[in-house]
Amino acid sequence: MRAEPDGPEDRLRRFATIWSRAVFPVTSTSLTRPEFEELLLPLARRLSEALRARNFEAAEGRAVGAALVAAHCTDPEALSRALDCVDAYLVLYCGEDGPREALRTRSVRLQHAMAAGYAEALRERTLAEQQAISQAALTARSAVAEALHDSEARFRAVFEGAAIGIGIADLEGNILQVNGALLRMFGGSEQSMRGRRVPEWTHAEDAPQVWRLYEELVRGEREHYHVEKAFYRPDGTALWTNLTVSLLRDADGEPQYQLALMEDTTERRLLNLRLRYEATHDALTGLPNRTLFFERLEKALAAGEGQRFGLCYLDLDGFKTINDSLGHAAGDRLLVEVADRLQSCATAPGEMVARLGGDEFVALTTGPNTEREVDELAGRIMNALVTPIRVDGRDLTVRGSVGVVEGPAGERGAAEVLRSADITMYRAKSAGGNRFELADPEADARAITRNGLTTALPAALDRGEFFIEYQPLVHLGDGSVQGAEALVRWLHPQHGVLGPDRFIPLAEHTGLIVPLGRWVLEQSVRQARTWQQRNSGAGPLRVNVNLSPCQLTHPGLVQDTVDILEREGLDARALCLEVTESALIGADDDLLKPLRRLAEMGVDIALDDFGTGYSNLANLRRLPVSILKLDRSFTQGMQQFPADPVDLKIVEGIVSLAHSLDLAVTVEGVETGAQAEQLRILGCDTAQGWYYARPGPPERLHELALVDAVG
């Protein structure tokens with residue numbers, strides 16, 4: 001059945017045609033071009049199906065790369081041309097109507113997988129060829145040695161008919177014979193070859209052992225050796241070979257000649273270098289990539305005594321906005337220009353710039369004086385970004401945040417250094433960006449701890465690592481315990497007991513505050529019910545529970561509270577929910593609605609940290625609160641006698657205002673008897689603080705409720 005015109009199969013065929021036309025000229029296949037196209041068609045189909053698969057698998061690219069090697073596409077240009085075709089035409093002809101950016105990302109991953117599969121298959125093929133060459137070399141050596149002792153005619157037949165280069169020299173190094181294959185490899189005449197001596201054929205990249213092995217052979221101390229060696233051709237280019245040199249003895253066993261067998265590996269070496277370059281350099285900017293950067297960093301960190309390193313970690317400020325507003329193509333052009341500018345900043349010996357990915361770059365400097373050099377390098381990087389970059393007719397202002405790490409070699413690993421630089425870079429970004437910051441070990445430790453706590457939070461709730469302590473709320477008139485504020489703690493396996501200031505912000509950031517807050521409310525309500533059952537003669541004890549701003553916006557707040565109160569059998573009037581003043585500044589009716597519903601049920605709402613949020617006092621009339629909790633900053637001046645008269649006037653005014661609005665006043669942070677007495681005189685209703693009791697287990701509150709709290 002013929003495919004519909006311009007249908008998927010027709011477009012796939014076009015892709016295979018373009019691919020075959022690009023690659024066929026650099027293949028060593030015996031197929032015709034149309035036959036080669038038919039060979040590529042199933043490979044094109046595999047790439048097309050992988051591109052559009054529901055569950056993407058880049059491994060298909062590895063299989064296609066290996067298949068290219070099997071199809072004799074082993075010329076250094078073959079892989080490059082294949083990758084160029086896939087990059088330019090795979091999404092165009094095989095992407096159909098899928099999301100272009102996602103398909104481009106998949107195409108890039110398939111190209112990387114193709115290169116990896118190609119390199120692996122080529123290595124396996126090379127090893128097989130080397131084994132075959134080694135066996136052929138041994139066979140040729142035996143044949144030549146036998147022919148030398150047999151007849152000139154037979155010698156010539158073996159010598160000239162060999163597929164590999166063969167040369168014969170005497171033990172002084174004078175070249176006696178070379179075959180046609182060797183002449184073609186070198187590109188010179190027989191006369192020019194025979195006029196040279198073996199010791200003259202040195203090359204700048206000779207390994208140290210090459211000439212030591214040669215000397216041992218001509219002295220008769222070894223029979224043969226095998227090395228990879230480069231030679232200079234007459235035109236100055238390099239010829240790389242797999243070289244086997246053997247000692248030939250006469251009929252009496254005395255050393256007589258040396259026999260060289262050479263396989264030309266130049267093209268394979270160039271291809272391996274190309275693959276190595278592509279594996280270690282960023283395709284967009286041409287800069288070293290993460291792989292090569294880590295190699296260089298690890299080498300710098302392993303340097304000897306007296307050596308140091310300096311690292312600048314750059315992240316562009318606002319790059320996502322540019323990408324989203326102008327498109328990824330414009331973003332790519334911006335990154336290329338930034339890369340060029342950064343490259344010009346690192347030109348001294350021991351300096352390099354690399355792209356880690358996205359808009360993240362690193363610059364490395366090494367040597368004995370990097371304390372000064374890394375500061376200068378960071379300054380050059382910041383200056384390089386000052387001039388706007390022109391993209392698509394627009395002048396774009398680019399800024400960056402840089403984290404700088406410097407230190408002696410041998411003390412830290414590469415991952416630790418990069419993590420420190422990353423943390424420092426984010427510190428620079430948090431400080432407003434467009435700046436560089438130096439690494440601070442203490443700040444690093446705090447950030448690492450914070451990250452570890454964030455990661456451990458979800459499991460901590462499941463493992464029951466949280467517990468609640470209660471701090472009494474005392475009536476200032478008669479000293480009786482009215483209830484307690486519930487304060488959550490985290491018993492961390494490594495860090496011990498952590499207060500809420502260490503983990504509540506992290507829980508808010510991750511969203512875990514909602515289930516954690518629900519657990520705290522449930523435990524606290526259950527405890528309040530237990531107190532009521534045990535203290536029936538001393539009056540009911542209330543419990544205050546803090547609400548995070550994130551919980552206020554959660555749609556299940558009211559229903560969760562109702563369900564918990566009903567399940568535990570606690571009257572709503574025994575519960576007070578504390579909300580910080582800052583969370584209610586400018587709050588609209590939608591935010592206040594759940595609080596109003598809870599207040600109508602009988603739950604008290606306390607405005608916590610009152611006096612710190614600069615709110616309009618007139619707003620108190622519209623807030624569904626029944627208690628003001630005065631921040632401790634207003635009572636610190638009352639710890640000594642005489643009390644600060646300004647603080648007294650402020651507290652007196654707040655208490656008068658609150659009582660006129662029928663609001664009770666609770667004071668936090670009471671630490672001395674003088675404070676407690678002064679607050680009682682000013683008319684405050686209840687107080688809490690270390691003067692009465694520190695936060696503790698619920699049993700402690702039961703004991704305090706049975707006696708005069710002051711006593």
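Visitor: What makes a residue part of the lining of the second largest cavity, and which residues lie nearest its centre?
Guide: In this predicted model, a lining residue has an atom within 4 Å of a point of the cavity. For the second largest cavity 14 residues qualify, and Val514, Arg518, Gln551, Leu557 and Asp560 lie nearest its centre.

Visitor: Why is this space called a cavity, and what is its volume?
Guide: A 1.4 Å probe fits there but cannot get out, so the term is cavity and not pocket. The space amounts to about 120 Å³. H18, E16 and helix H20 (557–568) each give at least two residues to its lining.

Visitor: How is its lining divided into classes?
Guide: The count is 7 nonpolar, 5 polar and 2 charged residues. Leu557 is among those nearest the centre; Leu counts as nonpolar, whereas Arg and Asp count as charged.

Visitor: How many cavities does the structure hold, and what is the volume of the largest?
Guide: There are 4 cavities of 30 Å³ or more. Val198, Trp201, Gln258, Ala260 and Met262 are the closest to its centre, out of 20 lining residues.

Visitor: What makes up the lining of the largest cavity by class, and which element gives the most?
Guide: By class there are 17 nonpolar, 2 polar and 1 charged. E5 gives the most, with 4 residues. Elements supplying at least two residues include strand E3 (224–232), strand E4 (238–249), strand E5 (255–264) and helix H9 (209–218).

Visitor: What makes a space a pocket, and how much space lies in the largest one?
Guide: A pocket is an open set of points with protein on both sides within 12 Å along at least five of seven lines.

Visitor: What is the volume of the second largest pocket, and which residues are closest to its centre?
Guide: Its volume is about 840 Å³. Glu485, Leu487, Pro500, Asn546 and Asp608 are the closest to its centre, among 35 lining residues. The classes are 16 nonpolar, 9 polar and 10 charged. Strand E14 (481–492), helix H17 (500–510) and strand E18 (604–610) are among the elements that supply at least two residues each.

Visitor: How do you know whether H11 is roughly parallel or roughly perpendicular to H15?
Guide: The axes of helix H11 (residues 290–301) and helix H15 (residues 414–430) cross at roughly 110 degrees and come within 9 Å. Angles of 65 to 115 degrees count as roughly perpendicular, which means that H11 is roughly perpendicular to H15.

Visitor: Which residues of H11 and H15 meet, and what makes this a contact?
Guide: Contact requires heavy atoms within 4.5 Å. Arg290, Phe293, Phe294, Leu297, Glu298 and Leu301 in H11 meet Ala414, Ala415, Val417 and Leu418 in H15. This contact has 8 nonpolar, no polar and 2 charged residues.

Visitor: What share of the protein counts as buried, and what makes a residue buried?
Guide: Buried requires under 20% relative accessible area. Of 711 residues, 47% count as buried. The protein has 25 helices and 21 strands.

Methods:
Residues are numbered from 1 along each chain as its sequence is written. This is a predicted model: local features need pLDDT of at least 70, side-chain atom pairs count only at pLDDT 80 or more; totals for chains, interfaces and linings use all residues. Side-chain values use heavy atoms; hydrogens and water are left out. On a 1 Å grid over the protein atoms alone, a cavity is a set of points where a 1.4 Å probe fits but cannot get out, and a pocket is an open set with protein on both sides within 12 Å along at least five of seven lines; lining residues have an atom within 4 Å of a point. Grid points are joined across faces, edges and corners, and a volume is the space filled by probe spheres set on the points. Axes are lines fitted to C-alpha atoms, for helices over the stretch in contact, and angles run from 0 to 180 degrees between N-to-C directions. Angles under 35 degrees count as roughly parallel, over 145 as roughly antiparallel, 65 to 115 as roughly perpendicular and the rest as oblique. Buried means under 20% relative accessible area, exposed over 50%, partly exposed in between (1.4 Å probe, protein chains only).
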